[in-house]
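Subject: Structure handover

Hello,

Here is the structure you asked for. Please open it alongside this note, and my findings follow below.

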Amino acid sequence: MEILSSIWDSILSILNESGLLFLFEGDGWKNAIMIAVACFLLYLAIGKQFEPLLLLPIAFGMLLVNLPLSGVMDVPLTELKLAAPVSGSDLAIADATEIAKYGQIVMPDGNTYVEVAHSGGLLYYLYLGVKLGIYPPLIFLGIGAMSDFGPLLANPKSFILGAAAQIGIFATFCGAILLGFPAKVAGAIAIIGGADGPTAIYVTSRLAPEYLGPIAVAAYSYMALVPIIQPPIMRALTTKKERAVVMTQLRTVSKTEKIMFPIIVTIVVALLLPSAAPLVGMLMLGNLMRESGVVKRISDAAQNELMNIVTIFLGTTVGATARAEVFLTKETLLIVFLGLAAFCLGTAFGVIFGKLMYVFTGGKVNPLIGSAGVSAVPMAARVSQKVGQETNPSNYLLMHALGPNVAGVIGSAVAAGVLLAVLR
Amino acid sequence: MLTSFTPSVGTELFDNKGMLMAVITASGIVVVFAILILLIFIFYAYGAAFRAVTEAGERKKAKAAEAAASAQTAVITETPAATEAPAPLADGEIPGEIIAVIAAAVASLGDGKAYRVKKVVRSRTPAAGRTPWATSGLFENTRPF
């Protein structure tokens with residue numbers, strides 16, 4: 001009987017120290033909600049395949065950090081303990097192992113102490129890559145190595161559409177300020193309109209790191225919803241005649257032109273806006289590796305292994321910033337709303353400028369390619385293609401839309417540079 | 001110009017929301033457009049210059065080839081040689097092998113019916129004058145979602 005009682009006591013003791021009990025105490029219900037949110041996002045990533053490459057690690061990071069006592073994001077600490085008992089002191093006494101490991105220090109009060117180091121959680125260390133602004137430029141390196149800027153070079157006018165779609169960022173900035181957000185937070189929220197996950201993370205980690213979780217989740221959710229959000233706006237702003245425009249085939253761009261492109265863009269952008277240099281520079285380095293054709297091995301590594309590894313670290317650690325106490329707030333709802341507004345405005349301004357180009361070119365430009373200026377490569381370009389084919393099934397807008405699409409990547413990096421230069 | 005704004009964050013200039021919104025929105029849009037428009041000009045000029053150089057090179061090559069061809073014609077005229085007759089073509093211009101391949105492709109539909117190739121007609125695509133193969137490839141690669 002005594003044995004059974006001991007077993008029961010030990011089971012109770014384990015349960016008392018488990019995270020399970022914490023869920024039913026104090027603010028534990030918030031963690032339970034966040035676990036449900038994480039599971040819902042996992043369902044969207046796996047079941048609905050919404051941006052699964054990023055949503056899956058983000059959702060799992062969110063799940064991990066909200067499991068009570070998991071300690072995955074614990075900050076490293078140094079605990080001060082007494083080397084020997086001192087009357088009247090509340091400090092713990094270090095044991096022999098700790099004294100041997102960390103040594104003793106004599107403080108000015110005459111007592112001897114031991115500084116016991118507690119290491120941080122796994123994701124805390126991986127998160128340093130976000131905090132120090134390392135992962136987003138590395139992702140840009142991979143994106144550059146995967147991107148073909150040929151359509152943009154064949155039709156440089158596309159840069160205008162890439163710039164127009166960034167107006168949504170600045171319009172949303174005003175909205176966020178009017179809703180009471182501080183300037184830096186407003187800048188971080190507004191960048192969601194760039195429809196560029198790494199840029200959003202980069203800017204937020206520098207301007208408002210405490211909002212990284214909600215902003216990253218909003219940015220990637222909207223990017224996944226591009227095929228649902230954009231078409232109604234595109235149809236509403238264009239006529240059937242405009243949507244049916246068949247654009248002439250793009251000229252062939254030579255290899256030398258493609259090689260020179262990343263070098264010129266880097267020089268121009270980094271000279272004019274140095275704060276955009278990390279993002280644009282890495283994007284262009286990746287592209288130069290691809291187009292030069294002389295470093296195929298590292299170009300492949302940037303596109304595949306590096307990109308995949310950084311995506312895992314970035315996604316999981318960004319998800320791990322979405323702790324219940326940060327995520328379940330009124331601000332998160334406002335961020336989600338403002339992010340949607342930024343996305344819609346970016347799309348609308350892109351299409352409006354596409355219409356202007358339609359007018360100025362005498363009907364040679366299909367305004368639908370303007371919506372691709374919001375980045376989200378290549379999803380936004382494919383949406384232009386899809387909506388164009390609804391009106392004219394023999395119309396192939398994809399290559400034409402890829403120009404504004406990659407211009408949007410450069411445009412959002414430049415917009416990020418402006419926000420960082422002005423607000424930081 | 002931008003750096004002069006930096007110390008102003010949180011000071012009197014930016015305590016006014018209207019001023020903050022106006023300054024950041026205007027400077028942001030102006031800078032983004034200015035840089036991208038500058039890139040448009042650079043790449044237009046660069047593309048034009050590059051095309052001019054390429055075309056000049058091609059013209060040179062074409063002239064050289066033309067000169068070489070005319071010299072060769074002269075030689076051939078002097079000593080006419082028996083040229084090998086081209087292989088006979090089936091169905092007008094299309095070689096028999098191609099028709100065999102087309103027939104095999106049709107037969108591979110695998111719906112149990114027997115097919116016979118009676119005529120092979122070149123089809124035209126409505127939009128950009130692409131070949132059926134190009135159209136098919138485009139369709140495969142651009143079919144959204």
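Two strands count as paired if DSSP finds at least two bridges between them. Keep in mind that this is a predicted model.

**The sheet in chain A**

By that rule, chain A has an open sheet of 3 strands in the order 1-3-2. The pairing is antiparallel. Strand 1 (77–82) and strand 2 (105–106) of chain A are the edge strands. Each has a single partner strand, so one side of each is left without a neighbour in the sheet. Strand 1 of chain A is joined to strand 3 (residues 112–118) of chain A by 6 bridges. As background, strands of a sheet pair through backbone hydrogen bonds.

**Helix 7 of chain A**

Next, look at helix 7 (residues 135–146) of chain A. Helix 7 of chain A has 12 residues. Its first and last C-alpha are 17 Å apart, close to the 16 Å expected at 1.5 Å a residue. How many of its 12 residues are buried? The count is 11, so helix 7 of chain A is largely enclosed by the rest of the structure. Among the buried residues are A:Y135, A:P136, A:P137, A:F140 and A:G144. What do the buried residues of helix 7 of chain A pack against? Their partners in chain A are helix 6 (122–131), helix 12 (197–207), helix 17 (277–292), helix 18 (296–319) and helix 22 (398–423).

**Backbone points to check in chain A**

- A:A195 lies in the loop between helix 11 (183–190) and helix 12 of chain A. A:A195 has a positive phi of about 50°, although it is not a glycine. A residue is buried if 20 or more other C-beta atoms lie within 10 Å of its own. A:A195 has 36 such neighbours inside 10 Å, so it counts as buried.
- A:A376 sits in the loop between helix 20 and helix 21 of chain A. A:A376 also is not a glycine, and has a positive phi of about 50°. A:A376 is buried, with 32 other C-beta atoms within 10 Å.
- A:P378 is found in the loop between helix 20 (330–360) and helix 21 (379–391) of chain A. The peptide bond from A:V377 to A:P378 is cis, with omega near -10°.

Chain B has 4 helices and 0 strands. From the N terminus on, its elements run α-α-α-α. Of its 145 residues, 8% count as buried.

Chain B puts 35 residues in contact with 43 residues of chain A. Which elements of chain B give two or more residues to the side that touches chain A? They are helix 2 (17–78) and helix 4 (132–142) of chain B. Helix 2 of chain B gives the most, with 23 residues. The residues on this side of chain B divide into 27 nonpolar, 7 polar and 1 charged.

Best wishes

Methods:
Residues numbered from 1 in each chain as written. Chains lettered and ligands numbered in written order. Predicted model: local features only at pLDDT ≥ 70, side-chain atom pairs only at ≥ 80, totals over all residues. Contact = placed C-beta atoms within 7 Å. Nonpolar A, V, L, I, M, F, W, Y, C, P; charged D, E, K, R; others polar. Expected span 1.5 Å × (residues − 1).
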